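Subject: Structure handover

Hello,

I am passing this structure on to you. Please open it and keep it beside this email as you read.

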Amino acid sequence: MKLELRGITKRFGALVANDHIDLVVQPGEIHCLLGENGAGKSTLMNVLYGLYDADEGEVLLDDEVVHFAGPGDAMAAGIGMVHQHFMLVPVFTVAENVMLGHEPTRGGGRLDLEAARAKVVEISERFGFHVDPDAIVEDLPVGVQQRVEIIKALSREAQVLIFDEPTAVLTPQETDELMGIMRQLKADGAAIVFITHKLREVREVADRITVVRRGAVVGEAKPGSSDAELASLMVGRSVELTVAKDAPRYSDAKLEVKDLEIVDPDGLVLVDDVSFTVRGGEVLVVAGVQGNGQTELADALLGLVTPSAGSITLDGTELVGRSVRDFLGQGIGFVPEDRGVDGLVGTFTVAENLILDRIYGPPFVKAGSLQLRARDEFARAAVEEFDIRTQGIDQPAGRLSGGNQQKVVLARELSRELRLFVACQPTRGVDVGSIEFIHKRIVATRDAGVPVIVVATELDEALALGDRILVMYRGRIVGIVPATTPRDVLGLMMAGIAPEGSEAA
Amino acid sequence: MSAQTAVRSDDASVSSTLRHVTVTSKKYPVVFTFMSVVLGLILLAAPREGETKFRFSAESDFFVIPSISVPAMRVAWVCLAILVLATITSWVLYARERRTPLVLGIVFAFAFLAGFLSWGGAGSVSDFPVVRLISASVLLAVPILFGALGGAIGERAGVVNIAIEGQLLASAFVAAVVGSITKNPWAGLVAALVAGALVALVLGAFTITYRVNQVIVGVVLNVLVLGLTSFMYTQVLMKNADQLNRTVRFPSLPIPLISEVPIIGPALFRQSIIVYLMYLAVPLVWFALYRTRWGLRLRAVGEHPLAADTVGIKVERTRYRALLIAGAVVGFGGAYYTLVSVSAFNRNMTAGAGFIALAAVIFGKWDPVRAALAALLFGFASALEGAMSVVGSPVPSQFMLMLPYVVTLFAVAGLVGRSRAPAASGIPYVKE
């Protein structure tokens, strides 16, 4: 089935998320939609899928104009979507998830579980998926959950398949397998839209590439284009893809984590026997696919979770068991994973957010009252130094773009005297321009002799920033390797497979 | 630098599953200790003499089981010994990082009950009515159980139904009025279902369509219904009590044969139609929730409404439908008050049963069968007061009247372990 979008425009208030976008996808073709976070790719697909109403433009299937009032209509017309955040009910089985919305029934609305199971098994075998129809979805690895999403779309006879940032949560191996699946679907005659911002993946599978920037199509690219060409098209200027940094010069500062163990209330060991050391002046990247204990490890480094065993010592001072305020008092800077939830108070102004963790005394608080002049002077200086693009220090932080919000967090954390800096996914959802800036600041912190820990899920970032890379899998350390380690070795390590012969050289 | 890099050398790859350790909680041993001390203090502080007689059947029964007499204090002390043993076992298990098995909890509960009852009934001239205790437990559980079923359906669909109390009271009131006017309990029952559904409709309009905080709307609805029915009661019903507030009650329908089974028969199968409907409602609601298309969609909407929306399920419509059905189910419980229990409406006659039903939903982990069992437990706690007063127990009746609420507190405090609410329960669905 041929899919065509003509002049799609979608506005959210004053923001034009999609500006007259045209796109044609032929059957048996993988069409890549390449663009930065916030370029409007997902909005476009949600319009196509009937989740949003377009303000202008039309959708054509096999040259006929169609109109979708909701996802149900889109599905009935043969459009299937593999969502970035899976649309699966975690507590349901695979079969229940696949049949939801078009359940086979016997008399009286009784579910026909046998038929649903058979359907899952049939599709699963056709594509070699190995999915158990009776498994509970939340117990499955992320890669398998994604296959359930694909089975869900295929069970509805989808002929146009949309993959929305499908590789964000996958290991490099799972990503390769997904590419294989996409080629298989293409050979089967499906029209595929592949939305991503990762250049390597685009060059690997795309038949055609459309680049979107700030809600508009800025051009088409050939599959053979180089990374630099694609990146500059995507960002609108040439960008440095690598971070310039010198060899580490170690200082005396030292963070030691020993035999750390974190257990959740159900008894699952989320961080299992983790030990490592970070010296001042080096960046240790904690790499791994999201959800393998990195978040909990990072939280423990700020005292947000209390480990059930083990120790964390900073320059010889034991930190486990202390309050978060004590951790901060020790000079720990922390950039949380989800800045919107943990990093900022969205309704507070930029200035207020900049002093959020310094309200215990001078210079910003004296005798229990805020020192507004000191605060504002400090905020103006920080806005200047960190190049925060804001209309003013009185603007609510929640209104800033992702990159500028992150710079506010970074400015707050880096403007204190630090003895340890922990940054969790510091460039997630951040535009390429801000990424360059954030990376430079992290390297500058390292060069000032502070031990730095960066939690990264993307290999590119791990390789760009790290002096050493610690790979975690299922709460355990697979290995700590130099940043010169080849990508494929790191990829295997992220899947829990330690490379042979690389033991502690 | 090389000295600082390391790769796991114990095996080539890391296991793909998370290690699991048993998390032990002090809850069981602490509660056991507390209860043992309570019984021990009672026995020491107020020793009693004589025997306790447990009666298992009435004279009129087909099979008559002889009553059993036991030496009261001796039995009580034996029970206390069992409690202490169970408590020690529980502490030992805790020290060894193992969990206290549920069986031990059940044994403990029975031993406590047996010890307490034989102490309470010591030396009494009247027998301790076992059958009446069971039957009263079931009867007192009826409104709570229907309320809990309705609550479970609502929350499974993502709407917290705090208004169970209001639905019970409204349907009790309407059942009384319609039942009295028509002189037909069936008409009263149908009216009660409609009344329950109507309160649910108001709840739905505010929480689903207008996305007002569900807890606030629920609480306000309860107060509103209480005020409205009290006003109507004093202003209208009391002045025309004969025409408007005197229902014909559902008669008791003994089921042939099984009503003659000793103990169980007289206790459970000489009841009115609403009680039999309750026996049917539990498996029916379970089947509907877990084995039908309606139930699958309802649960999907309560767990992950966006996922349901993306497969073409209308979230708001599904929630409305679930809530209306839930309201009608609660309506059965309301009708019980004025069509079975007594034949007239009285101000605030539900007296918080709806809130206990809400507790039963949580205690029952949002599962209809477990919630029903929880409702029965609360019914039993209420029935104990009546049974104890028959034998002239020395415990002030006010204390016994507190029992259902104490049990509720313990239950909701999580004695049964961690429970997990439907993920989207209480959260309105906002489509961007």
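Below are the conventions, then chain A, then chain B.

**Conventions**

This is a predicted model, in which local features need pLDDT of at least 70, side-chain atom pairs count only at pLDDT 80 or more, and totals for chains, interfaces and linings use all residues. Residues are numbered from 1 along each chain as its sequence is written, while chains are lettered from A and ligands numbered from 1 in the order in which they are written.

**Chain A**

Chain A has 17 helices and 24 strands. Both are DSSP runs numbered from the N terminus: helices are H or I with at least four residues, strands are E with at least two. The radius of gyration of chain A is 25 Å, close to the 23 Å of the globule rule for 505 residues, so chain A is as compact as a globular protein of that length. (That radius is taken over C-alpha atoms; the rule is 2.2 Å times the number of residues to the power 0.38.) Along its principal axes, the C-alpha trace of chain A spans about 70 × 50 × 50 Å.

Two backbone details in chain A deserve a look. P362(A) and P363(A) are joined by a cis peptide bond, with omega about 5°. P363(A) sits in the loop between α12 (350–354) and β19 (365–366) of chain A. H20(A) is not a glycine, yet its phi is positive, about 45°. H20(A) belongs to strand β2 (residues 15–25) of chain A.

**Where the chains meet**

How many residues of chain B are in contact with chain A? The count is 37 residues of chain B against 45 residues of chain A. Contact means that the C-beta atoms of two residues, placed from the backbone, lie within 7 Å. On the chain B side, β1 (6–7), α11 (293–303) and α12 (305–310) each supply at least two residues. By class, that side has 16 nonpolar, 14 polar and 7 charged residues. (Nonpolar covers Ala, Val, Leu, Ile, Met, Phe, Trp, Tyr, Cys and Pro; charged covers Asp, Glu, Lys and Arg; polar covers the others, Gly among them.)

**Domains of chain B**

Chain B divides into domain 1 (27–125) and domain 2 (133–386). Their centres, taken over C-alpha atoms, are 34 Å apart. In chain B, 7 residues of domain 1 are in contact with 4 residues of domain 2. The domain 1 side of that contact holds 5 nonpolar, 1 polar and 1 charged residues.

**Helix pairs in chain B**

Axes here are lines fitted to C-alpha atoms, for helices over the stretch in contact, and angles run from 0 to 180 degrees between N-to-C directions. Angles under 35 degrees count as roughly parallel, over 145 as roughly antiparallel, 65 to 115 as roughly perpendicular, and the rest as oblique.

Start with α5 (residues 164–182) and α7 (residues 214–237) of chain B. Their axes come within 8 Å and cross at roughly 25°. The two helices are therefore roughly parallel. Residues in the contact include L169(B) and F173(B) of α5(B), with L221(B) and V225(B) of α7(B). The contact divides into 7 nonpolar, 3 polar and 1 charged residues.

Next come α14 (residues 353–363) and α15 (residues 368–390) of chain B, whose axes come within 8 Å and cross at roughly 135°. That makes α14(B) oblique to α15(B). Among the residues in contact are I356(B) and F363(B) of α14(B), and A371(B) and F378(B) of α15(B). This contact has 9 nonpolar, no polar and no charged residues.

α15(B) also pairs with α10 (residues 273–291) of chain B: the axes come within 8 Å and cross at roughly 155°. α10(B) and α15(B) are therefore roughly antiparallel. V282(B), V285(B), W286(B) and L289(B) of α10(B) meet P368(B), V369(B) and A372(B) of α15(B). The classes are 7 nonpolar, no polar and no charged.

Best wishes

Terms used
Domain bounds come from an automatic or database domain assignment.
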